[in-house]
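Here are some friendly notes to read beside the model. Please keep the 3D view open and find each residue as you go.

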Amino acid sequence: MTGTPVRTLLLWCPDWPVLAAEIVDGVPATGPVAVLHANRVVSCSAPARAAGVRRGLRRREAQGRCPTLTVVDHDPGRDARAFEPVVAAVEEVAAGVEVVRPGVCALAARGPARYLGGEEAAAERIVEQVAESCAVESQIGIADGVFAAGLAARTGQVVPPGGTPGFLAGLPVEAIGRPALADLLRRLGVRTLGDFAALPAGDVLARFGFDGALAHRLAAGHDHRPLAVRQPPVDLTVTAHHDEPLDRVDAAAFAARMLAERLHDRLAGHGLACTRLGIEAVTAHGQELHRVWRHDGLLTAAAIADRVRWQLDGWLSGGTGRAGARPARPTAGIIRLRLVPDGLLSRGGLQPGLWGEVGEERDRAHRALSRVQGILGPEAVVTAVLGGGRSPADQTRLVPWGDERLPARPGPPPLPGVTEAEPGAAGRAVAQSGGVGRAVAQSAGAGRAVTGAGGVGRAVTGAGGAGQAVTGAGGARRGGPRRPGPVPPWPGRLPPPAPAVVLPVPLTATVHDATGEPVLVSARLVVSAAPARLAVGGTAPTEIVGWTGPWPVDERWWAPAEARRRARFQVCLADGAALLLAVEAGRWLVEAIYD
């Protein structure tokens with residue numbers, strides 16, 4: 001609890017959720033608009049209030065009073081994003097702003113009043129600044145304490161110093177902002193804040209609890225906490241302008257080194273480090289280029305310079321590449337280069353390994369794969385991420401190297417102590433599976449390098465993926481954080497073990513019974529005869545020594561254009577091979593191969 005309340009200036013934007021919907025979503029606030037949460041109105045526009053819409057009404061009742069009412073769902077994130085420019089406009093006039101909630105911000109009145117010529121002049125200046133910068137109407141109230149200033153802002157009043165208790169005394173108890181408490185006080189005969197403030201504090205605490213005691217202090221004009229001012233974000237970006245356009249790689253590399261050192265020094269001055277780096281360039285013809293690089297470790301000055309140099313090399317080298325993998329060379333040289341740090345954290349948040357750095361092999365892998373991305377683009381190097389799905393092919397998603405390795409859809413919970421590979425773990429897999437030099441040399445010719453996890457990496461090589469360089473093995477690692485909460489398995493998902501080779505394009509096959517007749521599966525999943533021989537493509541038939549199934553899959557039956565119905569079998573052949581077969585529309589297919 002605080003002593004004397006601080007003289008507070010509070011800015012209030014009426015009907016802010018409605019204005020935020022207009023700013024972000026383009027909903028016209030000049031018409032009848034209502035923002036709903038849990039099927040009740042939490043805010044409405046002036047035309048809606050004129051039609052009888054009020055806060056707390058249910059959706060159906062509000063639409064009954066105003067048939068032309070536009071209904072918008074409540075989105076606190078949208079309100080906060082739209083309010084940020086308003087706060088920034090206030091900070092251009094006065095420092096030390098606290099965001100009470102979206103649409104309301106407060107600051108100490110003493111500073112602006114002293115250098116703007118009084119409290120009323122400061123209020124007028126801030127309202128004008130918000131209107132000019134954001135085209136938003138606002139009202140300001142000034143009183144002793146945030147609570148009283150918020151009530152004064154409803155009518156645009158400036159309460160004289162020391163006059164806050166008298167200003168609050170005549171207000172109804174509903175102004176306290178606690179409907180249940182206000183209803184109880186009215187039934188007890190307490191109708192104004194002055195009546196409530198006159199009650200003994202000990203009796204209020206005993207009867208209404210801690211929340212009632214806090215409301216009692218507010219009714220008496222005492223704030224329960226000081227202003228929690230926010231610190232404006234520091235602009236850490238660095239920009240370099242060049243009179244002579246940079247059209248050679250060596251000149252661009254020199255400029256990149258100087259700019260990277262400036263960025264590193266600025267981050268170090270604030271005790272920060274970045275895990276993502278945005279590189280922006282503008283050419284002499286106005287073409288804008290942008291790329292974001294990620295790194296799971298500390299981006300040192302050398303690491304920043306390397307990434308900027310690689311990216312500029314990729315842009316300035318240009319070329320067409322295979323299948324358009326390489327972007328075209330810019331039509332003019334670069335005249336402006338800008339580095340934007342992202343993913344900021346304290347330098348203490350990234351520590352080296354117990355015995356020094358994390359490992360030479362992983363660093364070499366990171367540098368090599370990042371180099372490939374700089375030349376061929378981010379999609380040139382991808383990492384396999386396992387997720388949910390019914391078939392092995394559906395459970396794999398390829399994401400660019402360094403991006404968030406999150407599955408597109410939830411899958412089964414991981415095994416105890418095992419998590420999906422992180423970018424660092426995948427980097428180690430690259431070094432262990434044949435050397436970084438080989439991966440880069442192959443991916444340069446193919447235009448694509450894949451670092452896979454477990455059987456997924458082997459799946460591409462087993463399918464003979466022409467023009468692709470794949471480095472896999474050991475996509476999972478022990479230790480590290482685990483995914484929170486169990487995730488139920490997909491219905492119709494194949495039981496373990498998972499196949500080692502998943503074919504990108506299933507191979508056609510024929511299955512015959514012992515008499516040489518084709519094996520058919522009816523709509524009721526009845527197999528015409530036991531499978532005896534299997535022929536893949538044009539190869540000679542091989543005897544089937546064991547089989548199990550069928551496992552039916554009937555997907556998206558409600559969408560005829562996307563519906564898919566098939567049955568799967570697991571078979572063992574006389575030569576020791578184990579295959580996953582699927583029959584769909586009368587055709588047999590080989591989907592995967594087991595070890």
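The numbered points below start with the whole protein and then turn to single residues.

1. First, some ground rules. This is a predicted model, in which local features need pLDDT of at least 70 and side-chain atom pairs count only at pLDDT 80 or more, while totals for chains, interfaces and linings use all residues. Residues are numbered from 1 along each chain as its sequence is written, and side-chain values use heavy atoms, with hydrogens and water left out.

2. The protein has 17 helices and 23 strands. Both are DSSP runs numbered from the N terminus: helices are H or I with at least four residues, strands are E with at least two.

3. How many of the 595 residues count as buried? The share is 42%. Buried means under 20% relative accessible area, exposed means over 50%, and partly exposed lies in between (1.4 Å probe, protein chains only).

4. Now look at contacts (heavy atoms within 4.5 Å). Among contacts in the protein with a separation of 6 or more, 57% are between residues 24 or more positions apart.

5. Aromatic rings come next. Rings of Phe, Tyr and Trp (its six-membered ring) pair if their centres lie within 6.5 Å; planes under 30 degrees apart are stacked, over 60 edge-to-face, and the rest tilted. By this rule there are five aromatic pairs. In one of them, tryptophan 16 and phenylalanine 83 have ring centres 5.3 Å apart and planes at 70°, so the pair is edge-to-face. Tryptophan 16 belongs to helix 1 (residues 16–25) and phenylalanine 83 to helix 4 (residues 76–91), so the pair ties together parts 67 residues apart in sequence. Tryptophan 16 and phenylalanine 83 are both buried.

6. Tryptophan 547 and phenylalanine 569 make a tilted pair, with 6.1 Å centre to centre and 45° between the planes. Here strand 20 (residues 542–555) holds tryptophan 547 and strand 21 (residues 564–573) holds phenylalanine 569, 22 residues apart. Ring pairs join Trp547, Phe569 and Trp588 into a cluster.

7. Finally, visit arginine 178, in the loop between helix 8 (164–169) and helix 9 (179–187). Its relative accessibility is 19%, so arginine 178 counts as buried. A polar atom of its side chain lies 3.3 Å from the backbone oxygen of isoleucine 176. Leaving aside neighbours within four places in sequence, arginine 178 is in contact with Asp211, Leu214, Ala215 and Leu218.

Note on methods: A polar contact is a pair of N or O atoms within 3.5 Å; within protein, one must be able to donate a hydrogen and the other to accept it, and residues adjacent in sequence count only if both atoms are side-chain atoms.
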